[in-house]
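Keep the picture open beside you as you read.

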Amino acid sequence: MAKGQDTGEEGVGGGRSFYITTPIYYVNDVPHIGHAYTTLSCDVLARFKRLDGFDVHFLTGTDEHGQKVEKASQVAGMTPQDFVDKVSANFRDLVAAMNASNDDFIRTTETRHTEACQALWRELAARGEIYLGSYSGWYAVRDEAYYAESELIDGPAGKKLAPTGAEVEWVEEPSYFFKLSAWQDRLLAYYEANPDFIGPDSRRNEVVSFVKGGLLDLSVSRTSFNWGVPVPDDPAHVMYVWIDALTNYITAAGYPDTDSALYRRFWPADLHMIGKDIIRFHAVYWPAFLMAAGLEPPKRVYAHGWWTNEGQKISKSLGNIIDPYDLFARYGLDQTRYFLMREVPFGNDGDFSPRAIANRINGDLANDLGNLAQRVLSMIGKNCGAAVPQRGPFSPEDEALLSSAHGLLDAARPLFDSQAFHKALETIWAVIGDANRYVDAQAPWTLRKTDPDRMATVLYALAETIRHLAILIQPFMPESCAKLLDQLAVEEGARGFADLGANGALRPGTALPKPEGVFPRYVEEEGGEG
Ligand code: ME8
């Protein structure tokens, strides 16, 4: 069923398409580093794919219905609508502040979304996949999830808690059910036929054993509150917030108009990026809903790990929320983006510490990349008439450096396609290491006196290597790489992956602007904790 895995495919209108989504975030709280992290990873991949010639659709947005959001609006003393308008704007602002390149921002309170949810519901009902019954069991508002008695754990004072630690309440109400139990075998067959559907592998194994353990029918409507999408033809019910939320991915692809250019081009989505907390909803319920409605499941769901703050769970009640705006202000936007993608193997849990980010900024960025660019560009500025050097024949050392730069894209592609962002950076930084060793070995400052022609060739090979590095690092640090490429006088239209290699090589004699440092060292503020 999944077609065009990883490499994209010819869509409507030609060219390869790539549809990537973040979870839509609950508007019960202020956005924190965890939300920024998921959005960032999608932005990095969306930018990579655009540079690689794909027609990308990058979606993010907010999840605005359900009991949790309704309760948060009550605490804030606002109507749910006023409350969601206000908090959704915070998420939209964060997306802009972090320089995310999303093509759409969906809100589940929009009319297009209500229509899509109701159309999906009608389709499921018409196909006999939904029936009316009554639910009695445990519900955790914090997780917006139902739990079986057997899943509960013992909390303090003999209180039962959800396996996530969330409080549970007993719910008894009339409810529509989705016949999830009937999908167990077809889900397992789907996982089997599409080995890349769930990443990383550890999550895939977890999902497969959960489904093998047996599936119960899923309650998909609530009657005890009304902040949700009304169930068609039965207004006493609102849809369970997860059927509403998951539908956002097809709403934004034009559903229910499955003949629309948008839908034909972008559905099924190439990747739903999520955190590991919501894998069950995305890898079990969502493909079951879609298959039951006769629609294609997404091609891949990737669940990344969890950030903690100096070893502690990040939570409002612990007062240790990491505010992404604070990080951008203190360390710089691109520096923060780099750190988040480099520090922790993507897929693993990660721990934030001020020392770790300072080390990355001063080591990887200021020393390795920043110094390389600064040394080379200022030598060219001083010794080559502030223009791309005139090069002579390449030595085997020059060829070796250039060929490692030329090989970067092919090495990086499979790493991006498997969401191994940290490895992509490691691979790029290996070439930075090669380039720094090459500068030391060639010693252009000595050649200046002994063999100026050779110096020019060495500086040319280095400038060309830096051009490759800057083009490939753009997805992670778009603003800083734009500055580097400006300093190499690479035109804006010549910064895509098609311009890598000898075809787009710097032209000797091209005038270069005065070089400026792009990656300053991070100096701890007086009395700061950096
Ligand atoms: O679950 N570390 O929304 P949500 C890493 N509305 N990522 C984190 C994180 C942390 N400490 N904290 C949050 C919902 N995240 C639903 C989704 S989708 C159809 C509906 C990220 O606001 C991570 O991506 O609780 C996680 O999955 C998501 O925020 C949960 O956001």
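Start with the open sheet of 6 strands, which has the order β3-β2-β1-β13-β14-β9 and parallel pairing. Two strands pair if DSSP finds at least two bridges between them. The strands themselves (E, at least two residues) and the helices (H or I, at least four residues) are DSSP runs, numbered from the N terminus. The edge strands are β3 (104-107) and β9, and each pairs on one side only.

Before going on, a word on what you're looking at: this is a predicted model, where local features need pLDDT of at least 70 and side-chain atom pairs count only at pLDDT 80 or more, while totals for chains, interfaces and linings use all residues. Residues are numbered from 1 along each chain as its sequence is written, and side-chain values use heavy atoms, with hydrogens and water left out.

Back to the sheet. β1 pairs with strand β2 (residues 55-63) in the parallel sense, over 8 bridges.

As background, strands of a sheet pair through backbone hydrogen bonds, either parallel or antiparallel.

Here are the pairings in this sheet, side by side:

| Strands | Bridges | Residues that stand opposite each other |
|---|---|---|
| β4 (residues 130-140) and β8 | 10 bridges | G133 and S175 |
| β4 and β5 | 3 bridges | A140 and A145 |
| β8 (residues 169-178) and β10 | 2 bridges | F177 and S219 |

The hairpin of β4 and β5 has 4 residues between the strands, and in it E144 takes a positive phi near 45°.

**Around the ligand**

Which residues are closest to the ligand? They are I24, Y26, T38, D63 and D277, out of 23 residues that surround it. A residue counts as near if one of its heavy atoms lies within 4 Å of the molecule.

A polar backbone atom of Y26 is 2.9 Å from an oxygen atom of the ligand. For G34, a polar backbone atom is 3.5 Å from a nitrogen atom of the ligand. A backbone N or O atom of W307 lies 2.9 Å from a nitrogen atom of the ligand. On its own the ligand has 670 Å² of accessible area, and the protein covers 94% of that; such areas come from the Shrake-Rupley method with a 1.4 Å probe.

The elements that give two or more residues to this shell are β1 (17-26), α1 (33-51), α7 (241-246), α8 (248-251) and β13 (271-275). β1 gives the most, with 4 residues.

**A pocket**

The second largest pocket has a volume of about 360 Å³. On a 1 Å grid over the protein atoms alone, a pocket is an open set of points where a 1.4 Å probe fits, with protein on both sides within 12 Å along at least five of seven lines, and lining residues have an atom within 4 Å of a point. Its volume is the space filled by probe spheres set on the points. The second largest pocket is lined by 18 residues, and Y146, A148, E151, L216 and D217 lie nearest its centre. β5, β10 and α10 (279-292) are the elements that give two or more residues to this lining.

**Two cis bonds**

G199 and P200 are joined by a cis peptide bond, with omega about -10°. P200 sits in the loop between β9 (198-199) and α6 (201-212). Another cis peptide bond joins Y255 and P256, with omega about 10°, and P256 is found in the loop between α8 and α9 (261-266).

Technical notes: A polar contact is a pair of N or O atoms within 3.5 Å; within protein, one must be able to donate a hydrogen and the other to accept it, and residues adjacent in sequence count only if both atoms are side-chain atoms.
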